[in-house]
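The sequence and the structure are shown first, and the description follows.

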Amino acid sequence: MATLQDIADVVGVSKVTVSKVLRGKVKGSYPRSAAQAERIRKVAKELGYRVDWRARALKTKRTNMIGLLSTDKLATHTHDPEILAGLVEVFGSAGYHLVFVRVGEGTSGRDFADARFDGLIIDYHIDPEELEIIQQAQLPAVVINAPSPADGIISVMPDHFEAGALAARHLLELGHRRIGFVDSSESEQAIWPRHMIGQWRAGIRREMKQAGCLDAFIDIEPRNGTETETPETYQPLFDQLLAGPDRLTALIANNGDRAVDVALGLSRRMGLRCPEDVSILCMVDEKAMPWCNPPITSVKMPFLALGREAAAQLIAGIEADGGDRSTENPPAVKYPLEPKLIVRDSTSSPPTGDL
């Protein structure tokens with residue numbers, strides 16, 4: 001197998017320079033670095049050079065491994081493909097490897113607190129016992145798409161308040177004043193963390209208050225106890241809120257299923273057209289939204305940028321840590337990312353008689 005010295009001999013540079021380039025440390029360490037670094041990488045590839053990770057770990061006290069905490073509990077992870085793409089892109093460019101780590105009942109602490117990882121990505125939610133293990137191990141960590149659970153854990157998430165405000169402003173500018181928010185049922189709400197939806201509602205309510213129509217904002221939340229949620233669970237509320245002269249003229253759904261199966265499906269059963277009679281907007285731009293009939297206006301969360309930013313923040317924390325886990329953790333910092341409104345055919349001005 002080719003060695004660092006083999007590459008150095010071919011290129012005509014020192015072994016130290018080759019090592020710096022292949023570790024991504026070329027910036028500021030070698031004059032005319034761009035061309036030389038490209039030459040070193042090319043020769044390394046031609047010679048079939050492979051990093052001896054065990055030797056590197058012994059020397060640097062790092063493994064270049066990042067743990068992505070995963071769970072079998074649906075309520076505590078997202079693993080959005082765009083988030084993963086952003087994480088893999090930045091970690092890969094910096095020479096880190098991303099590894100899924102299963103956590104849950106009977107496994108807490110055994111897979112991410114044994115010094116095999118340089119840092120951790122927490123996807124959306126973490127249980128208290130796992131948080132305690134991270135703090136005791138003093139592992140650099142970043143939580144994505146959720147508030148920071150503790151000092152020392154950076155939070156990178158979309159600005160969910162602004163997402164709700166974007167949705168409301170769009171409908172208000174079209175002329176809507178009676179707007180409903182299609183939320184999960186009472187039993188479903190007990191399962192999922194609510195920080196995103198809570199911020200969406202707060203953003204919507206602020207915009208409607210400023211427009212002088214907060215009293216016309218209605219939460220559509222079936223109180224179905226422990227029943228399984230179906231579109232029919234919402235039918236009594238739709239019969240009440242989407243009929244008569246003071247009916248709602250716009251609906252904001254908290255996810256794609258409720259946008260399509262509940263908001264669009266039930267309103268059509270009632271003989272209402274979208275968007276002529278009722279406008280529909282979804283708070284998550286899921287892949288199906290452009291293919292619905294009509295295509296559904298949605299809020300696009302910056303998940304690719306979120307993954308990239310989370311990876312960059314964790315790498316910065318690892319590099320600053322210098323491998324010394326005895327230092328105190330820094331205070332938690334939040335890095336909000338701006339959402340974007342994708343306007344499609346499901347929203348328009350309300351019927352003339354409702355203006």
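## Overall composition

Helices (H or I, at least four residues) and strands (E, at least two) are DSSP runs, numbered from the N terminus. On that basis, the chain has 12 helices and 12 strands. The model is predicted, so local features need pLDDT of at least 70 and side-chain atom pairs count only at pLDDT 80 or more, while totals for chains, interfaces and linings use all residues. Residues are numbered from 1 along each chain as its sequence is written, and side-chain values use heavy atoms, with hydrogens and water left out.

Of the 355 residues in the chain, 46% are buried; buried means under 20% relative accessible area, exposed over 50%, and partly exposed in between (1.4 Å probe, protein chains only). A contact requires heavy atoms within 4.5 Å. Among contacts between residues at least 6 apart in sequence, 72% join residues at least 24 apart.

## Helices α1 and α2

Helix α1 (residues 4–11) and helix α2 (residues 15–22) have axes that come within 8 Å and cross at roughly 110 degrees. Axes are lines fitted to C-alpha atoms, for helices over the stretch in contact, and angles run from 0 to 180 degrees between N-to-C directions. The two helices, α1 and α2, are therefore roughly perpendicular to each other (angles under 35 degrees count as roughly parallel, over 145 as roughly antiparallel, 65 to 115 as roughly perpendicular and the rest as oblique). Leu4, Gln5, Ile7 and Ala8 of α1 make the contact with Lys15, Val18, Ser19 and Leu22 of α2.

## Helix α9

Helix α9 (residues 195–210) contains 16 residues and reaches 23 Å from its first C-alpha to its last, close to the 22 Å expected at 1.5 Å a residue. The expected span is 1.5 Å times one less than the number of residues. Among the buried residues of α9 are Met196, Ile197, Trp200 and Ile204. The buried residues of this helix pack against β5 (153–158), α7 (160–174), β6 (179–182), β7 (217–220) and β8 (250–253). Just after α9, Gly212 takes a positive phi of about 75 degrees.

## Helix α11

The 14 residues of α11 should span 20 Å at 1.5 Å a residue, and its end C-alpha atoms are 18 Å apart, which agrees. Its buried residues include Arg258, Ala259, Val262 and Leu266. Their cover includes β6, α8, α10 (235–241), β8 and β9 (279–282). Just after α11, Gly271 has a positive phi of about 85 degrees.

Asp183 lies in the loop between β6 and α8 (186–189), and at 0% relative accessibility it counts as buried. A polar contact of 2.6 Å joins the side chains of Asp183 and Arg194; such a contact is a pair of N or O atoms within 3.5 Å, where within protein one must be able to donate a hydrogen and the other to accept it, and residues adjacent in sequence count only if both atoms are side-chain atoms. Leaving aside neighbours within four places in sequence, Asp183 is in contact with residues including Arg194, Ile197, Tyr234 and Arg258.

Arg258 belongs to helix α11 (residues 256–269) and is buried, with a relative accessible area of 9%. Not counting residues up to four places away in sequence, Arg258 touches residues including Asp183, Glu188, Glu229 and Tyr234.

## The segment after β12

Pro351 is found in the segment after β12 (340–342). Pro351 and Glu276 are 75 residues apart in sequence and 6.5 Å apart in space, C-alpha to C-alpha. Beyond its neighbours within four places in sequence, Pro351 is in contact with Arg247, Glu276 and Asp277.
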